[in-house]
Amino acid sequence: MNAKPRALSGVKPTASSLHLGNYIGAIKNWVKMQEDYDSFYFIPDLHAITVDFDPATLAERTRNTVAQYIAAGVDPNESTLYVQSQVPEHAQLAWVLNCITSFGEASRMTQFKDKSQKGGADSSTVGLFAYPMLMAADILLYNANFVPVGEDQRQHLELTRNLAGRFNNRFGEVFTMPEPLIFKETAKIYDLQEPTSKMSKTGLSPNGAIDFSDEPKVVAKKIKSAVTDDGSEIAFDRDNKPGVSNLLTIYSALTDRPIEAIVEEYRGKMYGHLKVDLADIVVEAMTPIRERVAELKAEPEKLDEIIAHGAEKARAIAQDTLSKVYDKVGFLAAAK
């Protein structure tokens with residue numbers, strides 16, 4: 001039996017590339033977690049089809065995301081790395097959870113309300129509505145002890161905990177109660193052009209996010225053209241100096257230096273000095289990742305072997321959990 005607590009996380013393949021915010025805010029922590037946790041990292045492609053999508057693009061983005069996870073430091077030999085749709089037990093468990101979730105509970109999920117308001121309720125899919133129950137299945141299927149979460153996912157994790165408790169109380173103990181895993185040192189990275197908004201795949205300007213796929217010259221240009229603030233003093237102040245504060249946060253996260261020490265180093269210097277140096281730091285951090293992604297994609301057979309191996313590892317656990325769930329709810333076991 002694995003003595004390490006189990007942790008699970010993933011990033012949807014809804015863009016052609018992951019970005020610097022994903023790396024600093026999530027994947028850097030995932031890499032560290034591999035030492036202390038039985039780590040499960042997946043690509044939630046089932047979640048990606050809850051909104052409009054192109055099949056060929058989705059397939060390419062999914063494979064690309066696997067390559068980027070690995071290039072950024074996720075070791076498929078140390079962690080269980082898999083694509084969600086290759087483990088059909090996710091959808092099977094989600095249906096059971098749908099059937100113990102009230103319509104009112106699902107309706108109160110803020111992400112559904114936000115997305116349906118933007119796109120219009122009539123164009124929102126049932127899949128988008130049921131998204132939180134699939135997310136709960138993602139977690140409960142592997143009896144994860146911990147789930148790294150940001151503020152935007154806390155509500156979904158709370159629903160997961162509610163459903164786990166409800167199922168266990170009604171049908172008998174099956175699910176582990178997952179806890180949020182919050183890293184105090186995790187930095188939140190903001191859009192380079194809109195530094196009051198989180199760096200995102202869907203930012204208003206393509207210059208707002210640094211993608212894993214960006215060439216060094218593009219990376220440097222994006223940093224040097226980042227929005228700063230009135231005045232010229234380099235100081236950390238999220239409310240009054242969001243632009244330069246964002247740059248200082250990136251600098252600190254990639255060099256493991258305290259922001260206070262960086263501010264002191266640039267005392268009396270201009271924003272331009274900070275940007276030039278930060279551009280070099282970001283290029284140095286991201287270039288090996290971009291090059292490793294290219295190597296992995298140049299050998300698609302090997303990449304597909306890694307994907308298949310990860311699905312096999314994940315299914316061994318998922319099938320066991322689903323079998324227990326089906327037995328508890330009274331489904332007949334399939335003939336051997």
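Arg238 lies over the face of Tyr190, 3.8 Å from the ring centre, and the charged end of Lys269 sits over the ring of Tyr266, 5.3 Å from its centre. A charge sits over a ring if NZ of Lys or CZ of Arg is within 6 Å of the ring centre and within 35 degrees of the ring normal. The model is predicted: local features need pLDDT of at least 70, side-chain atom pairs count only at pLDDT 80 or more, and totals for chains, interfaces and linings use all residues. Residues are numbered from 1 along each chain as its sequence is written, and side-chain values use heavy atoms, with hydrogens and water left out.

There are 13 aromatic pairs, where rings of Phe, Tyr and Trp (its six-membered ring) pair if their centres lie within 6.5 Å; planes under 30 degrees apart count as stacked, over 60 as edge-to-face and the rest as tilted. Two of them are tabulated.

| Pair | Centre distance | Plane angle | Class |
|---|---|---|---|
| Phe103 and Phe129 | 5.1 Å | 35 degrees | tilted |
| Tyr251 and Tyr266 | 5.9 Å | 75 degrees | edge-to-face |

Phe103 lies in helix H5 (residues 103–107) and Phe129 in helix H7 (residues 126–129), so this pair ties together parts 26 residues apart in sequence. Helices (H or I, at least four residues) are DSSP runs, numbered from the N terminus. Phe103 is exposed, at 63% relative accessible area, whereas Phe129 is buried at 16%. Buried means under 20% relative accessible area, exposed over 50% and partly exposed in between (1.4 Å probe, protein chains only). Tyr251 and Tyr266 are both buried. Phe40, Phe42, Tyr82 and Tyr142 form one aromatic cluster.

Conventions:
Helix = DSSP H or I, 4+ residues; strand = E, 2+ residues; numbered from the N terminus.
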